[in-house]
Amino acid sequence: MPEPRPPSGPAPHEPPPTGGQPEEAEVLRHILRSPGYLKALVLCALIGIPVSLAAFWFLVALHELEHTLWADLPEGFGWSAPPWWWPLPLLLFAGAAVGLVASRLPGAGGNVPGAGLHTEGASSAALPGILLAAAACLPFGAVLGPEAPLIALGGGLALLFRDLSKAPATPQSLALLGAAGSAAAMSAIFGNPLIAAVLLIEVAGVGGPRLFAVMLPALLSSGVGFLVFTGLGSWTGLGTGNLSLELYAPAPRLDVPDVFWAVAVGAVFALALHPVAAGARAVAGYVAGRTFVRTVLCALGAAACAALYALVTGRSPAEAALSGQAALASLAADPHAWGVGALIAVLAFKGAAYTLCLGSLRGGPVFPALFLGAAAGLLLAPLPGLGIAAGMAAGAAAATATMLRLPVSSVVLVVLLLGSTAMMPVVILAAVVAFVVTELLPAGRETSAAVPAPAGGA
């Protein structure tokens with residue numbers, strides 16, 4: 001009996017392939033030609049202007065408030081640096097403010113940052129609480145960055161403008177406008193639209209697990225291929241021609257031992273930071289029981305870590321508190337100013353404060369992970385054949401990929417921060433190895449800490 005033939009003609013609601021074009025290309029062309037998508041594209045471009053302005057002034061306000069609290073006020077009292085006890089009252093206020101916002105306002109002040117960055121939950125109703133929580137804890141010493149509030153700010157404002165413009169609300173338009181607004185806001189903090197776009201692709205989970213299954217081999221093979229071409233060109237003196245510009249500043253030299261150390265750093269950092277991620281989830285579960293009281297206790301615990309760091313080292317408690325963005329810049333500019341004892345102390349105390357803040361306060365995990373990874377890489381730099389540049393690059397990439405579980409974004413972010421592609425193979429290997437080891441660990445896929453506590457419970 002002959003098999004039934006499939007019906008001829010295009011499937012319903014799908015554009016027919018023409019001229020032998022692949023069906024995917026024809027579907028994309030159909031989407032781009034649709035009036036609804038073009039209108040959404042124009043709306044996204046227009047939304048990017050006010051969102052970027054709002055993100056800019058929000059970051060300016062956070063920066064100015066942080067400078068006032070940690071520099072101007074101590075100088076006004078006659079201190080050249082904040083005294084050791086300075087984080088205690090500031091983080092007490094931060095914990096109380098975030099506890100009130102999380103237990104009383106819609107949206108609970110945003111997602112708990114212990115499970116990384118998330119795009120869901122952005123709404124205009126939750127936006128005031130998210131901004132209040134961020135303003136109340138980030139400048140006051142929380143070991144968190146502003147990227148999560150910026151994602152919520154961009155997505156919430158984009159949806160608010162969509163409501164004001166009375167544009168039709170569909171699941172596709174909501175997702176498109178939310179992602180566009182978040183990307184516009186994120187580009188403000190990273191200073192580069194590329195990292196914002198790449199980060200949002202991974203954070204939103206476009207493509208699901210298949211995306212990571214395809215990207216990891218491609219990312220790893222591209223790094224190895226770049227390494228092989230670089231090595232062969234150096235060893236043979238021959239060239240294949242490439243698209244590059246010679247800059248006036250010499251780039252650090254990549255050595256073969258750097259590659260082997262990158263693999264080791266990726267694996268070791270994933271194992272070392274695994275307790276931090278697991279501890280943050282445990283803290284989030286603890287705080288969810290009695291939100292206000294336990295948020296205050298965790299904030300005081302983070303303050304105690306920063307105070308102990310200042311007592312032990314004689315350095316500023318700001319190095320163990322705050323996001324680490326300013327400390328990372330000073331670390332990179334003058335790594336020799338940090339002794340072995342200071343590096344060990346800041347890793348221990350800032351790492352503990354980071355764990356407490358991830359599970360209790362509101363913010364993002366990116367900048368503290370970058371700082372801790374770079375500091376640990378600097379500590380390992382004296383290892384034979386490693387060096388400062390490769391150590392800090394591999395450490396920052398491994399730590400970021402472990403805490404965010406976003407390998408491509410981690411690579412792009414660290415390479416852009418370095419301002420050079422010379423260490424790219426080291427960055428790729430460290431990020432990929434750290435991500436794979438993290439995912440293979442027992443608790444690597446638990447993400448329940450991303451769900452905020454419901455408003456109304458104290």
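Here is a short chat about a predicted model of a protein.

Student: What should I know before I start?
Tutor: The model is predicted, so local features need pLDDT of at least 70 and side-chain atom pairs count only at pLDDT 80 or more, while totals for chains, interfaces and linings use all residues. Residues are numbered from 1 along each chain as its sequence is written, and side-chain values use heavy atoms, with hydrogens and water left out.

Student: How many helices and strands are there in the protein?
Tutor: You'll find 16 helices and 0 strands; helices (H or I, at least four residues) and strands (E, at least two) are DSSP runs, numbered from the N terminus.

Student: Where's S323?
Tutor: S323 sits in the loop between α10 (291-313) and α11 (325-333).

Student: Is S323 buried or exposed?
Tutor: S323 is buried, at a relative accessible area of 10%. Buried means under 20% relative accessible area, exposed over 50%, partly exposed in between (1.4 Å probe, protein chains only).

Student: Which residues does S323 touch?
Tutor: Leaving out residues up to four places away in sequence, S323 touches A142, L144, G145, K350, F367 and P368. Contact here means heavy atoms within 4.5 Å.

Student: New topic: how many disulfides does a search of the whole structure find?
Tutor: The search finds 0 disulfides, a disulfide being a pair of cysteine sulfur atoms within 2.5 Å.
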